[in-house]
Amino acid sequence: MRVSVIGGGGWGLALARLLHRNGHSLQVWEHNATYLANLISNHANPALLPGITLPEDIIFTGDFAGVEQFSPHIIILATPSQYLRPTLRSMPLEAQKGIWMSPKLLAVVNVAKGIEEGSLQTLDAVLAELLPEAMQHKICALSGPSHAEEVAREVPTAVVVAGKDEDLLVTLQGVFSNDYFRVYRSNDLLGVEIGGAVKNIIAIAAGIIDGLGFGDNTIGALLTRGIVEIQRFGVALGAKAETFWGLSGLGDLVTTATSPHSRNRYVGKRIGEGKKLRQIVQEMEMVAEGVATTNSVYQLALQRGIEMPIVREVWEILYQEKDPRQAIVSLMTRELKAE
């Protein structure tokens, strides 16, 4: 297979390395000129994946015409969630026609995790809006507990690929899977997208708890009630309840909320320690998807009347500068109810 990865960040590069190891031909498109120059010269990005060198025959480009000429069988979308729409819209019209209408293109696999601000759409919905109608059944998502740093080092990992075409999902399982990367499949594309997006908000809350110096009891309560909120939100939007007990729900939540690799947990930890959000984000090399997604999910929950007390408190901390300790008090003193 020929695979084009749109977005040469840590996750995009980790997947490129994985797929190259699986015997596929790889091309990576990257917008950031500094990153691109380093990738072309050194086949590495030490700022995002320290200690990892990419194989010499992976092609790096910043030109969408190059993607069209590569004529990929699979396109992986690895841009941050809030940049997905502008990135695809930046494609020249001729390149769009050549890429999306190619009879060789089998699948478009989104690996970003978030809900778009403004439109409040999941990323599969954004893609459905942007891509030609003939492409709709080719839209998929790959999600689950999978830090780029660990996948790049070949740490055993399990994820899920979701979409509407069962035969295509089986094909993608074969494309991605190997002895350290196991892929399950799901037909609940919406649920997989929501699980991957909303868990980042709970991970921010977990970081805040750590930054405040609270303990295991508090984290246990957060993760338990957090998955309830994620599931409630997903089901209200039309996802399957059982999806949230799988890899893209509970699995990704536990990993992201407890790992030192987690950018979202890092943001929360720094806030718990007394730092301001703006300063934290400015100092970060990578994007913490949960910051923008907190606003999107909060607004969507308000519109739909979905009860999400943890999300509400995280939103007030991030966007209203509420004291994190007061937020904990607000959650602990809510009206008592049955579990």
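Biologist: What is a salt bridge, and how many does the structure hold?

Modeller: A salt bridge is a side-chain nitrogen of Lys or Arg within 4 Å of a carboxyl oxygen of Asp or Glu. Side chains of opposite charge can pair when their charged atoms come close. This model is predicted, and it holds 18 salt bridges.

Biologist: Which side chain does Arg185 meet in a salt bridge?

Modeller: Arg185 meets Glu166, with 2.6 Å from N to O. Arg185 belongs to strand E8 (residues 181–186) and Glu166 to helix H8 (residues 166–176), so the pair ties together parts 19 residues apart in sequence.

Biologist: Which residue forms a salt bridge with Asp210?

Modeller: Lys269 does, and the closest N and O atoms of the two are 3.8 Å apart. This pair links distant parts of the chain, 59 residues apart: Asp210 sits in helix H9 (residues 189–212) and Lys269 in helix H12 (residues 263–272). Asp210 is partly exposed at 28% relative accessibility, and Lys269 is partly exposed at 27%.

Biologist: Why does Lys322 count as buried?

Modeller: Buried means under 20% relative accessible area, and Lys322 counts as buried because its relative accessibility is 19%. Lys322 forms a salt bridge with Glu316, the closest N and O atoms lying 3.2 Å apart.

Biologist: Which residues are linked in a network of salt bridges?

Modeller: The network links Arg17, Arg21, Glu154 and Asp179.

Key: Residues numbered from 1 in each chain as written. Predicted model: local features only at pLDDT ≥ 70, side-chain atom pairs only at ≥ 80, totals over all residues. Heavy atoms only, no water. Helix = DSSP H or I, 4+ residues; strand = E, 2+ residues; numbered from the N terminus. Buried < 20%, exposed > 50% of the residue type's maximum accessible area, 1.4 Å probe, protein only.
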